[in-house]
Amino acid sequence: MIQYGYTILYVEDTARTLAFYRDVLGLPVKAEHGSYIEFETGQTTLAFNTREDVQQLIPVYPIPSGKTQQTLEIGFITDDVPTLFQKVVEAGYETILAPTQKPWGQVVAYVLDPDGHLIELCTPM
């Protein structure tokens, strides 16, 4: 049997990451070990580590540095997308799409975390 356990995203500064995910989005911290942080998100853990530390752990695999466009998005489900979106705006983070109602009834918005990871805020389906 195999099951999906966690995602680790690489960041430049875990203090900025902590401020965004804990203080703005409201995710509880599950664990912190040096530059490694895990957040409680339900069944699957969302974790972060610095690019520098990951490069030391996997020296044969080049880890890109700096803020770049991503090829993935992280989705967070909330009953109140507009309020959470406004909290992100007030905290000074970059937004991509204001809350929008989709034809299927779901409300979605898109923001960027401090490292440029695309974050979807959405209502339950």
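Which residue stands opposite Thr-95 in β7? The legends below, which describe a predicted model, take up this pairing and then turn to other parts of the chain.

**View 1. Strands β6 and β7 side by side.** In this close-up of the predicted model, the residue of β7 that stands opposite Thr-95 is Val-111. Strand β7 covers residues 107–112 and runs antiparallel to β6, to which it is joined by four bridges.

**View 2. The open sheet of four strands.** Taken in order, the strands of this open sheet are β5-β8-β7-β6, and their pairing is mixed. The edges are formed by β5, made of residues 73–77, and by β6, made of residues 95–101, each of which pairs on one side only. From one strand to the next, the twist averages 20°.

**View 3. Helices α1 and α3 packed together.** Helix α1, spanning residues 14–24, packs with helix α3, spanning residues 81–90, at an angle of about 145°, and their axes lie 11 Å apart. The contact involves Phe-20, Asp-23 and Val-24 on the side of α1, and Leu-84, Lys-87 and Val-88 on the side of α3. The crossing in which α1 passes α3 is right-handed.

**View 4. A nonpolar patch on the surface.** Four residues, Leu-57, Ile-58, Val-60 and Tyr-61, form this patch, and together they have about 470 Å² of accessible area. Of these residues, Tyr-61 is found in the loop that lies between helix α2, residues 51–57, and strand β5.

Methods: Residues numbered from 1 in each chain as written. Predicted model: local features only at pLDDT ≥ 70, side-chain atom pairs only at ≥ 80, totals over all residues. Heavy atoms only, no water. Pairing = 2+ DSSP bridges. Helix = DSSP H or I, 4+ residues; strand = E, 2+ residues; numbered from the N terminus. Axes fitted to C-alpha atoms, helices over the stretch in contact; angles between N-to-C directions. Patch = residues over 30% accessible without salt bridge, like charges linked within 9 Å, V, L, I, M, F, W, Y side chains within 5 Å. Areas by Shrake-Rupley, 256 points an atom, 1.4 Å probe, with all protein chains shown as cover. Salt bridge = Lys/Arg side-chain N within 4 Å of Asp/Glu carboxyl O. Left-handed = near helix turned anticlockwise from the far one by under 90°. Contact = heavy atoms within 4.5 Å.
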